[in-house]
Amino acid sequence: MTAGDLAPFWLTLRLAAIVTAILLVAATPLAWWLAHSKSRMRPMIEAVTAMPLVLPPTVLGFYLLVALNPSTPLGGLWMNATGTSLTFSFAGLVVASLIYSLPFAVQPLQAAFAEIGRKPIEAAASCGAGPLDAFMSVAVPLARRGYLAAAVLTFAHTLGEFGVVLMVGGNIPGQTKTVAIAIYERVEVLDYPAAHGMSALLVALSFAALYLLFRTNRREAAG
Amino acid sequence: MTGLDLDIRHSRGDFSLAVQAALPASGLTAVFGPSGAGKSTLLRLVAGFERAEGRIAFGDQVWSDQGHFVPPHRRRVATVFQEPRLFAHLDVRGNLSYAARRSGAEIAPVVRDLGLEPLLPRRTGGLSGGEAQRVALARALLTRPRLILMDEPLSALDQARRAEILPLVEGLRDRLGLPILYVSHSVGEVARLATHVLAMVQGHVASLGPAEDVFANSAAAVAFGGEEPGSLIAARVIGMTDDGLCRLGFAGGEILLPEPVGPKDAKVRVFVRARDVMIAAARPEGLSALNILPAVVHAVGQVNAASSDVILDMNGSRVRARVTHRSVRNLELSPGRACHAILKSVALARD
């Protein structure tokens, strides 16, 4: 592997880290609502949230490409504010990945919040804690395994995305060229040793992340 | 001073609750009734965990009224739940300071009173049921509440653990001067703890008043559900007899108990099951029963196809007797009839 092969790695890690950080915060209220709401809207919101799980990434990527280009309101707003296009840029990749990886953040959190239930929150209220206080001081710490799972899954999933990135980001070195795309590019030119190097590194990273998750879960469970 | 003032309605599915009651501002009011009577729902409405239609006020504060709702954390109501609901991510000390930090209360005195020092560094998961409920009780006190709600706090505990927690609840009742609303379906618990009783049946108030009165009120009979109905008699220890019996004085005369129950002048409460009370038209002779007291029939109420509860008045103390319709006819029991009550078995009110 050359230094040029490492650049996509840094880009990918940066993308995954940013997306994970944003999603852990942004998915929290949504997951809480899905876990506790009795609204009739809930199944619909749940379905929309889970769509990225079942849609072909190219379909998702295609619509994101259409939605983010500078002629749309969102794309135009970005163009005006930054002078650059949201499509074929790192920022565009972040936006696309947020949507693509959303269910991987929401679902573990939703499950964790549902398992906690209302009881500890009522106990907190009876100790004088308001809703936000109770949420931060009781629900979040009790859901820490859910947060860990959400973080690992979101991170690992963002690491490996291909179709969406290719559609929205293209293949611009240093901007949108992620590991998955770099591997594809190497294979296209029959440079198997480089493809091997990067693939093996990705396998090792993903395994390490999952191993960490399961080991922590086991320790927590053993208490 | 008034305590809790309720005029509320609530319905969920085919269960509906309508309660109108003014509860005392001190002492322990037992919310008593068979399961499904709406006792826990009433508590949740008072705590603010669910919204009621109508009005809830406490002292000079309105907690819930049309367009006005004080959320649970601003009511200064501490709830002790059936299960301890300790925060699993905090140790015992953390659970206590969670409440104390938000109320400004001092932890040390409460920890000392409830004997919790050795438990402080423990994880909540490793506590026994009794220990956990003691911590929950301490946590509730550390919120500096104006009202304490207890939702069957002993029902998940075994007999031995109950015996451990009951005196603590008694202590709170006697020392704090705070009103306590205590949900229970156990006659024993209510007999021992309650100063007042709110008897509930099917979402409605069957009877409300001092415990002795409610136990003797025929309208409250149905609140006993499947449990053994009986009467409470407030008495005072007079002393011991030479042959080991304890003499108790009450409005209707003297009762003998076959065990020492406390020092002279100690206030006690005895419980007499309705089926342990016999009625005789004339004073019976040659009976082994120790406690035979003159009484006057106050009221007769039918409880089922074969039996009635006769409420006997003994100079102001009321005792419930369960007899058959046939006996009511044979003895011509109707209000005002003088008779004798034979208390076959009398027990100190304890769980």
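A salt bridge here is a side-chain nitrogen of Lys or Arg within 4 Å of a carboxyl oxygen of Asp or Glu. Keep that cut-off in hand for the first stops. The model on screen is predicted.

**Stop 1: salt bridges**

Select B:Arg318 and B:Asp313. Their side chains meet in a salt bridge, at 2.9 Å from N to O. Color the two by accessibility. B:Arg318 has a relative accessible area of 28%, so it is partly exposed. B:Asp313 has 19%, and therefore counts as buried.

Now widen the selection. Pick A:Lys119, A:Glu122, B:Arg12, B:Arg44, B:Glu50, B:Glu83 and B:Arg85. Salt bridges that share partners join these residues into one network. How many salt bridges does a search of the whole structure find? Over all chains, the search gives 24.

Stay in chain B and select B:Asp65 with B:Arg55. This is another salt bridge, 3.7 Å from N to O. The pair links distant parts of the chain: B:Asp65 sits in strand 5 (residues 61-65) of chain B, and B:Arg55 in strand 4 (residues 53-58) of chain B, 10 residues apart. B:Asp65 is partly exposed, because its relative accessible area is 31%. B:Arg55 has 33% relative accessibility, so B:Arg55 is partly exposed too.

Jump to chain A. Select A:Arg186 and A:Asp191. Their side chains form a salt bridge of 3.0 Å, N to O. Relative accessibility is 25% for A:Arg186, which counts as partly exposed. For A:Asp191 the value is 24%, and that residue also counts as partly exposed.

**Stop 2: chain A as a whole**

Zoom out and show chain A as a cartoon. You will find 11 helices and zero strands. Along the sequence the pattern reads α-α-α-α-α-α-α-α-α-α-α. The C-alpha atoms fill a box of roughly 65 × 45 × 30 Å, taken along the principal axes. Chain A has 223 residues, and 44% of them count as buried. Look next at which parts touch. Among contacts between residues at least 6 apart in sequence, 71% join residues at least 24 apart.

**Stop 3: helix 2 of chain A**

Select residues 42-54 of chain A. This is helix 2, with 13 residues. At 1.5 Å a residue the helix should span 18 Å, and its end C-alpha atoms are 19 Å apart, which agrees. Where does helix 2 kink? Center on A:Val48: a kink of about 30° lies there, shortly before the proline A:Pro52. Then check the buried residues of this helix, including A:Thr49, A:Ala50 and A:Pro52.

**Stop 4: helix 5 of chain A**

Select residues 90-116 of chain A. Helix 5 has 27 residues. Move along to A:Ser101. A kink of about 50° lies here, shortly before the proline A:Pro103. Continue to the end of the helix. Just after helix 5, A:Gly117 takes a positive phi of about 70°.

**Stop 5: A:Glu161**

Select A:Glu161. Its place is the loop between helix 8 (144-160) and helix 9 (163-169) of chain A. Is this residue buried or exposed? A:Glu161 is buried, yet has no salt bridge. The nearest side chain of opposite charge is A:Arg14, 14 Å away. Side chains of opposite charge can pair when their charged atoms come close.

What does the side chain of A:Glu161 join instead? Show A:Ser97: a polar contact of 2.8 Å links the two side chains. Leaving out residues up to four places away in sequence, A:Glu161 touches A:Ser97, A:Tyr100, A:Thr178 and A:Ala180.

**Stop 6: helix 10 of chain A**

A:Ala180 leads onward. Select residues 179-188 of chain A, helix 10. Its buried residues are A:Val179, A:Ala180, A:Ile181, A:Ala182 and A:Ile183. After the helix comes A:Leu190, whose phi is positive, near 60°.

**Stop 7: B:Val261**

Finish in chain B. Select B:Val261, in the loop between strand 14 (253-257) and strand 15 (267-273). Its relative accessibility is 18%, so B:Val261 counts as buried. Which residues are in contact with B:Val261, leaving aside neighbours within four places in sequence? Show B:Val237, B:Cys246, B:Leu248, B:Val268 and B:Leu348. Last, draw a distance to B:Leu245. B:Val261 and B:Leu245 are 16 residues apart in sequence and 9.7 Å apart in space, C-alpha to C-alpha.

Notes
Residues numbered from 1 in each chain as written. Chains lettered and ligands numbered in written order. Predicted model: local features only at pLDDT ≥ 70, side-chain atom pairs only at ≥ 80, totals over all residues. Heavy atoms only, no water. Helix = DSSP H or I, 4+ residues; strand = E, 2+ residues; numbered from the N terminus. Buried < 20%, exposed > 50% of the residue type's maximum accessible area, 1.4 Å probe, protein only. Lys, Arg positive; Asp, Glu negative; His and termini not counted. Polar contact = N/O pair within 3.5 Å; in protein donor to acceptor, adjacent residues only side chain to side chain. Contact = heavy atoms within 4.5 Å. Expected span 1.5 Å × (residues − 1). Bend = angle between axes of the 7 residues up to and from the residue.
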